[in-house]
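Please examine the model below with attention to its pockets and to one residue in a helix. The paragraphs that follow take these in turn.

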Amino acid sequence: MNMSLKHATPLLQVRDLAKRYGRRIGCEHIDFDLYPGEVLCIVGESGSGKSTLLNTLAFQLRPDEGSVRYDLKDRGATDLATLTDAQLRELWRTDWGFVRQNPRDGLRMRVSAGANIGERLMAVGQRHYGDIRDTALAWLNKVEIDASRLDDAPTAFSGGMQQRLQIARNLVTQPRLVFMDEPTAGLDVSVQARFLDLLRSLVAELGLAVILVTHDLAVARLLAHRLIVMRQGRIVETGLTDQVLDDPQHPYTQLLVSSVLAA
Ligand code: ADP
Ligand code: MG
């Protein structure tokens, strides 16, 4: 991380966050800061609490303890618990993106690809049909979907195209923070590498802050500046990506890294 970032205001400040399902722990004792433009990967095996944490950070699940403060454009660092539901929805539609593992959960499957992108532009106040259409076409091009598919619904797309459309829908408004939950997990291995390259270049081009959940350390290696390693709902290790993967300190991280090497 650039030293100057240490003096910048964090985009997100997470303190002692916990989410439980009855007596079962989803995640707990979660503390970290995220800076503008930083790509943070949350890694860990299935059931370690990654999705719970991601959804709680985005306030799609309400925390049981602790706080998430976000640097709102107009008011600075604000505890998300103080926002109304309408203000949260506004945040989700404009300043944030959320890319789901299953495109069906992140796209409107029955409306056209163009409308999936255009809807986000309208949410940030664009009204001019020709401009919206032009921007949608430019974004289809960016995510390598042919312009001729603009009026097709995503039901007619391959899984890889659907996931690329979901990326376009979520990045078109240049949000400051994008959450992604296993965006590559549903893709054929044959299309994963190209998708990851595309994702990496878009994130760098737009200077986005991203919190990405993955069980795949190769994905984390390629995309992340920094890693959080989770086990049984808690952070067991955190640090710069190369540091954690090349010289893991916690026995659990060592096991994760070595099982990838052995695979
Ligand atoms: P991951 O995304 O790392 O696979 P999850 O966040 O989905 O992990 O799950 C963390 C823990 O919380 C697991 O023990 C899981 O069984 C539990 N859990 C997740 N969602 C629910 C739910 N809706 N109700 C009850 N328990 C849940
Ligand atoms: Mg999950």
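In this predicted model, 13 residues line the second largest pocket, and those nearest its centre are Leu72, Asp74, Glu90, Leu91 and Thr94. The space in this second largest pocket amounts to about 250 Å³. Helix α2 provides the largest share of its lining, three residues.

The largest pocket holds about 350 Å³ of space. Its lining consists of 16 residues, and Trp92, Gly106, Arg120, Arg169 and Asn170 are the closest to the centre. Two or more lining residues come from each of α2 (85-93), β6 (96-99), α3 (103-106), α4 (113-123) and α6 (159-171). Six residues of the lining of the largest pocket are nonpolar, four are polar and six are charged.

Attention now turns to a single residue. Thr56 belongs to helix α1, which spans residues 50-57. Is Thr56 buried or exposed? Its relative accessible area is 0%; because buried means under 20%, Thr56 is classed as buried. The side chain of Thr56 reaches the backbone oxygen of Thr52 at 2.6 Å. Leaving aside residues up to four places away in sequence, Thr56 touches Leu17, Lys19, Leu61, Arg62, Pro63 and Val68.

Conventions: Residues are numbered from 1 along each chain as its sequence is written. Chains are lettered from A and ligands numbered from 1 in the order in which they are written. This is a predicted model: local features need pLDDT of at least 70, side-chain atom pairs count only at pLDDT 80 or more; totals for chains, interfaces and linings use all residues. Side-chain values use heavy atoms; hydrogens and water are left out. On a 1 Å grid over the protein atoms alone, a cavity is a set of points where a 1.4 Å probe fits but cannot get out, and a pocket is an open set with protein on both sides within 12 Å along at least five of seven lines; lining residues have an atom within 4 Å of a point. Grid points are joined across faces, edges and corners, and a volume is the space filled by probe spheres set on the points. Helices (H or I, at least four residues) and strands (E, at least two) are DSSP runs, numbered from the N terminus. Ala, Val, Leu, Ile, Met, Phe, Trp, Tyr, Cys and Pro count as nonpolar, Asp, Glu, Lys and Arg as charged, and the others, Gly among them, as polar. Buried means under 20% relative accessible area, exposed over 50%, partly exposed in between (1.4 Å probe, protein chains only). A polar contact is a pair of N or O atoms within 3.5 Å; within protein, one must be able to donate a hydrogen and the other to accept it, and residues adjacent in sequence count only if both atoms are side-chain atoms. Contact means heavy atoms within 4.5 Å.
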